[in-house]
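Okay, thanks for coming, everyone. Let me put today's structure up on the screen, and then I'll walk you through it.

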Amino acid sequence: RPKIERKREKTVKRFVGKRMQAWKLLALLALLALARATELTFDMEPHETHCFMETIEGGKEFTMEYQVVYGGRLDIDAEIKVRGRTIHREQRKQSGSHTMKADQTAEYEFCFSNEMSTVAHKTVYIDVHMETEEPILDEMANKHTALTQMEASLVSIHTALRKVTDFQTHHRMREATHRHTAEFMNERVQWVSAGEMLLLVAVSLFQVIYLRSLFTEQPAKY
């Protein structure tokens, strides 16, 4: 009986250990999925240009996504430069996504220009992420055999988490754009309503004064 109890204790400990290891790996995946989301939201004044630098190794693919959240006509000029040479350019676009492969290890510049605006203040969202990532687990770097069921599940969960993050970002930007539009329209409606109220009060006062003048005029004497 003591031997059987010891075997049971060892089995339970192994099971609990595996469960704890699996939960730790899942938590690590969640943190990795969130940490790899390189996002930035910034403001741009009229006639202003902003550039952001990122060192990218040669042979790696990267994607640059951007969107004008609100401001003006929701348009912006975007450029990708390397060593002072423009390799991609888009003009007066509300949003865009461009994927390319770095042919050399260099510092890439992602520039946005609001030169076309004279008074419009704009808020722009940018996301630059690498398509080729490091292995999720260190053991998978030099592994040439098929993945185990646990490793395959972890990779699948990691991919799903990245997709969820991308969808959340997309819908968050759409919500911010629509919220700004609704607030802008609400402000204009309030100003128009206030103007109509003042006009109505002015017309009412004019009518009262005019009617009183008709009854207070003295009759003409001959």
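**The disulfide, the core and the charged pairs**

Let's start with the cysteines: Cys51 and Cys111 form a disulfide, with their sulfur atoms 2.1 Å apart. For the record, a disulfide here is a pair of cysteine sulfur atoms within 2.5 Å. The structure holds 1 of them. The pair links distant parts of the chain, with Cys51 in strand S2 (residues 49–56) and Cys111 in strand S7, 60 residues apart. Strands are DSSP runs of E, at least two residues, and helices are runs of H or I, at least four, numbered from the N terminus. The torsion about the S-S bond of Cys51 and Cys111 is about 110°, so this disulfide is right-handed.

Before I go on, a word on what you're looking at: this is a predicted model, where local features need pLDDT of at least 70 and side-chain atom pairs count only at pLDDT 80 or more, while totals for chains, interfaces and linings use all residues. Residues are numbered from 1 along each chain as its sequence is written, and side-chain values use heavy atoms, with hydrogens and water left out.

Back to those cysteines. Are they buried or exposed? Cys111 counts as buried at 4% relative accessibility, whereas Cys51 is partly exposed at 35%. Buried means under 20% relative accessible area, exposed means over 50%, and partly exposed is in between, with a 1.4 Å probe and protein chains only.

Now the core. A nonpolar core is a set of buried Ala, Val, Leu, Ile, Met, Phe, Trp, Tyr and Cys residues joined through side-chain atoms within 4.5 Å. The largest one has 20 residues, and those touching the most other members are Phe62, Met64, Ile76, Tyr108, Phe110, Phe112 and Ile126. Which elements give two or more residues to this core? That would be strands S1 (39–44), S3 (61–70), S4 (76–82), S7 (106–113) and S8 (122–130).

Take Met64 as an example. Beyond its neighbours within four places in sequence, Met64 is in contact (heavy atoms within 4.5 Å) with residues including Ile80, Phe110, Phe112 and Ile126.

Then there's Val124, over in strand S8, and buried at 0% relative accessible area.

On to charges. A salt bridge is a side-chain nitrogen of Lys or Arg within 4 Å of a carboxyl oxygen of Asp or Glu, and the count comes to 7. Glu79 is worth a look: its side chain meets Lys81 at 3.6 Å, N to O, and it also bridges to Arg89, with the closest N and O atoms 2.7 Å apart. Glu79 counts as buried at 18%, while Lys81 is partly exposed at 23%. Elsewhere, Asp75, Arg92 and Lys122 are linked in a salt-bridge network.

Last stop, the surface. Met197, Leu198, Val201, Leu205 and Ile209 form a nonpolar patch with about 530 Å² of accessible area together. Patch residues have over 30% relative accessible area and no salt bridge; like charges are joined within 9 Å, and nonpolar side chains (Val, Leu, Ile, Met, Phe, Trp, Tyr) within 5 Å. Areas are Shrake-Rupley with a 1.4 Å probe, and for residues only the protein chains shown count as cover. Val201 lies in helix H2 (residues 149–216) and is partly exposed at 45%.
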